[in-house]
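Thanks for coming. I have one structure to go through today, so let me put it on the screen.

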Amino acid sequence: MDNIAFIGLGNMGGPMALNLVNKGFKVSAFDLSAEALAKLAAAGARPAASALDAVHGAGVVISMLPAGKHVDALYCGEHGLFGKLPAGTLVIDCSTIAASDARRVANAAKAVGLRMLDAPVSGGTAGAAAGTLTFIVGGEEADLEQARPLLEAMGKNIFHAGGNGAGQTAKICNNMMLGILMAGTAEALALGVKNGLDPKVLSDIMSKSSGRNWAVELYNPWPGVMENAPASRAYSGGFMSELMLKDLGLAEATALDSHAATPMGSLARNLYETHVADGKGKLDFSSILQYFTAE
Ligand code: NAD
């Protein structure tokens with residue numbers, strides 16, 4: 001199997017790269033954070049001194065970065081990797097970025113003889129740690145088939161959404177729905193608790209009733225209801241509110257471009273905008289509950 005370069009070892013990339021190492025793949029890892037890099041090195045990855053060092057001798061490059069501008073800088077920027085990677089290298093970007101950015105980066109890759117997949121993920125940090133992520137892939141079928149063993153080492157469900165950018169479009173539709181569901185779940189729980197209900201009892205009821213959804217059942221926003229949810233560890237270590245805001249912005253931009261009506265998505269984006277402006281950007285996105293419980 002090819003050597004793999006893994007760039008971006010944050011809340012998601014760290015455990016994803018760890019799964020590759022644990023399943024026997026040879027991984028060269030790089031992150032701007034020395035702490036994140038040290039964790040991977042301790043697990044058996046080769047700690048690289050730079051992104052360029054990481055890709056040395058790699059047949060596959062995987063990136064998991066915060067946003068489009070980071071992906072653009074890594075690959076296409078002044079010191080970008082495109083132009084330095086040997087022709088035929090397979091590049092898999094798992095970051096969530098705009099579909100239009102993903103298509104532009106993929107075209108830049110093709111122009112220098114590289115192959116590129118957009119492969120954003122769903123399943124959160126728990127899914128990344130457990131190796132049960134859902135990969136939503138855009139690009140050529142043949143490239144996906146080559147990537148499949150790697151994706152299977154990090155995830156459970158792998159979907160081919162279409163050509164380059166299609167993975168990002170599908171991901172953004174999912175996350176717009178997730179932002180709406182989380183805000184709605186928090187609003188309903190806050191209403192119940194304000195009217196004397198126990199949040200755990202109310203969550204149990206909703207989990208077995210028609211309001212059932214992923215947020216109430218598996219990622220409950222009320223502290224203490226679910227032991228392993230970010231809400232029970234002061235909203236740390238999950239999916240940051242500022243990243244949810246980014247995704248809702250991408251959904252809104254996509255809606256504007258395609259003249260689609262997304263009023264619920266716009267309202268959710270507005271709520272997260274307020275929440276982030278309130279200094280909550282680094283907290284997990286389930287902390288939107290605090291918007292509804294503030295006195
Ligand atoms: P994060 O901020 O925890 O991690 C990003 C990492 O990238 C950081 O460690 C940072 O140091 C590193 N980085 C930034 N620029 C770099 C560069 N030029 N070279 C090397 N490293 C660099 O973010 P995350 O939660 O891991 O999210 C990553 C992506 O995954 C985002 O696009 C996000 O929207 C998406 N995502 C996150 C979740 C989640 O639950 N956290 C779920 C699905 C998708």
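I will go from the overall shape to the domains, then to the aromatic rings, the cysteines and one glutamate.

First, the ground rules. This is a predicted model, in which local features need pLDDT of at least 70 and side-chain atom pairs count only at pLDDT 80 or more, while totals for chains, interfaces and linings use all residues. Residues are numbered from 1 along each chain as its sequence is written, and side-chain values use heavy atoms, with hydrogens and water left out.

Overall shape. The C-alpha trace spans about 65 × 45 × 35 Å along its principal axes.

In secondary structure we have 13 helices and nine strands. These are DSSP runs numbered from the N terminus: H or I with at least four residues for helices, E with at least two for strands.

On burial, 50% of the 295 residues count as buried. Buried means under 20% relative accessible area, exposed means over 50%, and partly exposed is in between, with a 1.4 Å probe and protein chains only. The accessible surface comes to about 13,400 Å², and carbon and sulfur atoms hold 57% of that. The areas come from the Shrake-Rupley method with a 1.4 Å probe; for residues, only the protein chains shown count as cover.

Contacts here are heavy atoms within 4.5 Å. Of the contacts with a separation of 6 or more, 63% are between residues 24 or more positions apart.

Next, the domains. The assignment gives domain 1 as 4-162 and domain 2 as 169-293; such bounds come from an automatic or database domain assignment. Their C-alpha centres lie 27 Å apart. The contact between them takes 13 residues from domain 1 and 12 residues from domain 2.

Now the rings. How many aromatic pairs does the structure hold? There are five. Rings of Phe, Tyr and Trp (its six-membered ring) pair if their centres lie within 6.5 Å; planes under 30 degrees apart are stacked, over 60 edge-to-face, and the rest tilted. Trp 214 and Tyr 219 are a stacked pair, at 4.9 Å centre to centre with 20° between the planes. Trp 214 is partly exposed at 34% relative accessible area, whereas Tyr 219 is buried at 8%. Tyr 291 and Phe 292 have ring centres 5.1 Å apart and planes at 80°, so this pair is edge-to-face. Tyr 291 is partly exposed at 40%, and Phe 292 is also partly exposed, at 22%. Ring pairs also link Trp 214, Tyr 219, Phe 239 and Phe 285 into a cluster.

Cysteines are brief. The structure holds zero disulfides, a disulfide being a pair of cysteine sulfur atoms within 2.5 Å. For Cys 76, the nearest cysteine sulfur is that of Cys 94, 16 Å away. Cys 76 is partly exposed at 32%, while Cys 94 is buried at 1%.

Last, Glu 35. Which helix is Glu 35 found in? The answer is α2, residues 34-43. Glu 35 is exposed, with a relative accessible area of 62%. Gly 10 is 25 residues from Glu 35 along the chain, and their C-alpha atoms are separated by 9.9 Å.
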